[in-house]
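Take a look at the model below. Keep the sequence beside it as you read.

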Amino acid sequence: MSIQLHLHSSREAAIRTVAQEMAMLIRNKPHAVLGLATGATPIPLYQELVRLHRVEGLSFRQVTTFNLDEYLGLEPTHPESYWNFMHRNLFDHIDIPAANIHLPGSQVKTEDILSHCEAYEDAIRVAGGIDYQILGIGRTGHIGFNEPGSPADSITRRIHLDEITRQDAAPAFGDLAHVPTHAITMGCGTILAARKIALMAFGEGKAAIVRRALREPVTDEVSASFLQNHPDAHFHLDPASASAL
Ligand code: PGA
């Protein structure tokens, strides 16, 4: 098993490819289950899915979605909550029913975290498992918020965010002190159970970590390296993110 590499001429070309794969999946399987990601990387992907919905009639009416992660401690309506991000960038512009949308909670009480996370895992199982999982990659090598040290078989849980991850989020929050310290994330095991995985990475800033994930031995120091052991994992890169390979 090895990660399948797609070297695109531009990030736009990569986005078009991934959007077409998702559209084909949904047309062939209207009840498809999608694993979705936040961050700067998938924003143009969601714009393209909205365009396919508007122009080509791609319907999400029977689709179910599970997001990778959510900050803990934010109101869902906080501009930086992932609930807000997903509605602003995708859900408000397509025909997916609210009941089909799943994100971990942002305001789960400490004593309820375990049962909340178990319920998230159960909901993915009941939906039939994830058909197509979208991923970005953080500078720590995280997928979801699986920071260094996350085991390959980890499941949905509360995680302490790495300082690099918090620094990368600081501009959006205005100040490092405003960035949450914890999140709930699907585990590496949750992600690896998806039938097909598409990781997108664009720009020079991702070149070093893409190289580590793809070319160096599998290690829990780089959770994206676990994808080397997945039977259908794909990296979609632009020339800049592939420049260190
Ligand atoms: P980005 O984040 O898309 O904003 O670069 C990726 C990630 O942290 O997973």
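The paragraphs below go from the sheet to a surface patch and then to one aspartate. Keep in mind that this is a predicted model.

Strand E3 (residues 64-67) pairs with E5 in the parallel sense, over 2 bridges. Here Thr65 stands opposite Ile101 of E5.

Next, go to strand E1, where Leu5 lies. Leu5 has 31% relative accessibility, so this residue counts as partly exposed. Leu5 also belongs to a nonpolar patch on the surface, together with Leu7 and Leu245. The three have about 240 Å² of accessible area together.

Finally, find Asp69 in strand E4 (residues 69-71). Is Asp69 buried or exposed? Its relative accessibility is 5%. Buried means under 20%, so Asp69 counts as buried. Which residues does Asp69 touch, leaving out those up to four places away in sequence? They are Thr38, Tyr82, Pro104, Gly144, Phe145, Ile184 and Thr185. Look closely at Phe145: its backbone nitrogen lies 3.3 Å from a polar atom of the Asp69 side chain. Arg51 is 18 residues from Asp69 along the chain, and the C-alpha atoms of these two residues are separated by 25 Å.

Conventions
Residues are numbered from 1 along each chain as its sequence is written. This is a predicted model: local features need pLDDT of at least 70, side-chain atom pairs count only at pLDDT 80 or more; totals for chains, interfaces and linings use all residues. Side-chain values use heavy atoms; hydrogens and water are left out. Two strands pair if DSSP finds at least two bridges between them. Helices (H or I, at least four residues) and strands (E, at least two) are DSSP runs, numbered from the N terminus. Patches are made of residues with over 30% relative accessible area and no salt bridge: like charges are joined within 9 Å, nonpolar side chains (Val, Leu, Ile, Met, Phe, Trp, Tyr) within 5 Å. Accessible areas come from the Shrake-Rupley method with a 1.4 Å probe; for residues, only the protein chains shown count as cover. A salt bridge is a side-chain nitrogen of Lys or Arg within 4 Å of a carboxyl oxygen of Asp or Glu. Buried means under 20% relative accessible area, exposed over 50%, partly exposed in between (1.4 Å probe, protein chains only). Contact means heavy atoms within 4.5 Å. A polar contact is a pair of N or O atoms within 3.5 Å; within protein, one must be able to donate a hydrogen and the other to accept it, and residues adjacent in sequence count only if both atoms are side-chain atoms.
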